[in-house]
Amino acid sequence: MTDLLSIDDLGAEGIAEVLRLTDSFVEVTNRPIPRVAALRGKTVVSLFFEDSTRTRLSFEAAAKRLGADVMTFSAGSSSLKKGESIRDTIQTIEAMGVDALVVRHASAGVPAQIARWASSVVINGGDGWHEHPTQALLDCYTIQQRLGSLEGRRVAIVGDVKHSRVARSDVKAFAALGADVTLVAPPTLLPPTLVGWPVGVEADLDQVVEKVDVLYLLRMQRERMTEALVPSLREYTARFGLTSERAARAEDAGAIVMHPGPMNRGVEIAAEVADRPNVVVVDQVRNGVPVRMAVLFLLLGSRRDLLDGPAGGVVGEVPEEAEADVRG
Amino acid sequence: MAERERRITPPYGGVFHARTRVMSPDDIQRAVWRMAHEVIEHNHGLEGVVLIGLQTGGVPLARLLADDLHQIEQVDIPVGTLDVAFYRDDIGLRPVLPEAVTDIPFDVDGRIVVLVDDVLFTGRTIRAALDALTDFGRPRSVQLAVMIDRGHRELPIRPDYVGKNLPTRRDEVVDVSPEGVELGEMRK
C-alpha cells in the first residue's frame, strides 16, 4: 500500500495493524515530551481545498510529533485563485520535494486523481461524500478502547448517511472488524441504493437506542434543509435526535455515544447530553493524533512493503509462556 | 531445535535454522545469577537501580534479573520495557515496526538504568535505546547487560555485564529463546 484513499486500501488486517501501531503512538503522546524523530527529514503537506479544523490540525500535530516537517496549503490564499489547475498546483508542490500529501476536497475522487499524478504518498483527508478513512480508523480505535473490540458489537449510525463520507468509511471499517451495523435515518437521507453495504436499516431510533453498544450520530448539515430532505430541524430532532430521554435509555443500556464533529447541540444531540460521561467525542479527537501518526509512519517510515504475507506476526505480542519459561 | 521466524531481519520472512546450542536454559539461569551479583557489586548495592528490558528479547531477561536481584538483596527493582523502533537509524531502509508498546512506569531522572538485551551485535539498537532514554529523562548513569556479546560492533558501545562472549560470523544468527541460546542461520 502506497496511498490511503479508502478503507478498502487497508482491509481488515490493515486496519488491525494501524490500531496495533496506534497503541505505541498513544504511549508516545502520553510522554512529557510527546515526540519521536521517526520521520525526521520527511515533509508532509496538508493540502486542504475545503475547510477543516480538527482533521488538518490533527494531521499536522501527528506529522510534527514524528519529527517531520509540515507545510500547509490552503486553497483560499493560493494560486488556484489565479486559475492554476490542481494538476499544476500538485506539480509545483512536488517540485519542492515533499513525501506525503494529505488531501481534502469537496469533490469525491480528487485525492485518487492526485494520487495518479503525484509520486509522493497521498492520504485522503476527506473527499466529498466519498470517504474519510482516518476518521474511521480513529473511530475504530475509540470503540476498541472503550469496549475492548468491535467483534460482534452492535453499532447504529444515525442521521444524514447520504451526504456523509464518515458514514461510508465507518460502515466499511466497522463491518471489516466484525461489528453489526444498522443505519437509522429517514429514507430521504439514505443513499439511493444500499446494494453492497454490509448494513441493516431501521427508521425508528426508539427501536434501537437500548439494543446497541454504540450510537454514532452524524452531523445534520443545515444546508440540507433547503433541499427539503427533512421537513424541519425540529421534526428531525424529535425523530432522530439524541434527546435527554433517549440518551438516558442508551446510557442505562451501556451504550457509548460518538460524533465526528462539529456537533450541532440541540439538533442531532441535546445540549446537556453532549457532556455525559458515555459521550466519547473528546476521546475521538484525542485519538485522532496517534492514529494519524500510525498511518503516517506506516506509509512513510515502516517499509512495510519489504515484508510479504499478512500483517499479523510482525507487531504481535510475545507469548506469555515464552517469557515465563526462559529458566527452563 | 528451535526454528523461529524472523520477519524484520533480512532475508525478510526467513526461518531460523539452529546449528549448535551454545547455552542451555540452566546455563542462562546461572549466567543471570552471576550478572545479578555483578550489578550489585558494581553499584555497591541497588540504591537507585532500575532495569529496562529491550523489546522483545531483553524483556524476559530483565524480569529474570530482577527476580535474582530480589532474591539476593530482598528489594524490588522497578522493571520497564522499551521498544526502540522509532529511534532506529535505518528507518526507511528496512522494515521497522514496533514489536510492543514501551512501558516505563517510573521516573528515570537520577536513577542508574541498566538496559537489558539478549544479543549485542552492531550496537545500533543500544544507540537507539540511549536516544529513547533521553526522551524519558536524565539518568545518573546507564549500564548495559546482555546475554550474548557476539562482536561486530559498528559503534563505540560496550556491555557492562555479559552472559557469554560468543565469536560469530557476520552472516550467522544468534537466537535466545526458552530452549537456550542457539547459533544458526536464516533460510528463506
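Me: What should I know before starting?
Reply: This is a predicted model, so local features need pLDDT of at least 70 and side-chain atom pairs count only at pLDDT 80 or more, while totals for chains, interfaces and linings use all residues. Residues are numbered from 1 along each chain as its sequence is written, and chains are lettered from A and ligands numbered from 1 in the order in which they are written.

Me: How many helices and strands does chain B have?
Reply: Helices (H or I, at least four residues) and strands (E, at least two) are DSSP runs, numbered from the N terminus. Chain B has three helices and nine strands, and along the sequence they read β-β-α-β-α-β-β-α-β-β-β-β.

Me: What does the radius of gyration say about chain B?
Reply: The radius is taken over C-alpha atoms, and the globule rule is 2.2 Å times the number of residues to the power 0.38. For 188 residues the rule puts a compact globule near 16 Å, and chain B agrees because its value is 16 Å. Its C-alpha atoms fill a box of roughly 45 × 40 × 25 Å along the principal axes.

Me: In what order do the five strands of the open sheet lie?
Reply: In general, strands of a sheet pair through backbone hydrogen bonds, either parallel or antiparallel. Two strands count as paired here if DSSP finds at least two bridges between them. In chain B the order is β4-β3-β5-β6-β7, with parallel pairing. Strands β4 (79–82) and β7 (161–165) of chain B are the edges, each pairing on one side only. Four bridges join β3(B) to β4(B), and Leu54(B) has Leu82(B) as its bridge partner in β4(B).

Me: Which strands does helix α2 of chain B touch?
Reply: Contact means C-beta atoms, placed from the backbone, within 7 Å. Angles run from 0 to 180 degrees between N-to-C directions, using axes fitted to C-alpha atoms, for helices over the stretch in contact. Helix α2 (residues 58–73) of chain B touches β3, β4, β5 and β6 of chain B, and makes about 155° with β3(B). Helix α1 (residues 25–42) of chain B lies across β3, β5, β6 and β7 of chain B, at about 150° to β7(B).

Me: Is Val50(B) buried or exposed?
Reply: A residue is buried with 20 or more other C-beta atoms within 10 Å of its own, exposed with 12 or fewer, and partly exposed in between. Val50(B), in strand β3 (residues 49–54) of chain B, counts as buried because it has 20 C-beta neighbours inside 10 Å. Its contacts beyond four places in sequence include Ile77(B), Phe106(B) and Val113(B).

Me: Which residues touch the most others in the largest nonpolar core?
Reply: Nonpolar side chains tend to be buried together in soluble globular proteins. A nonpolar core is a set of buried Ala, Val, Leu, Ile, Met, Phe, Trp, Tyr and Cys residues joined through C-beta atoms within 7 Å. This one has 150 residues, and Ile157(A), Val158(A), Leu215(A), Leu296(A) and Leu65(B) touch the most other members. Helix α11 (residues 281–300) of chain A gives the largest share, 10 residues.

Methods. Two residues are in contact if their C-beta atoms, placed from the backbone, lie within 7 Å.
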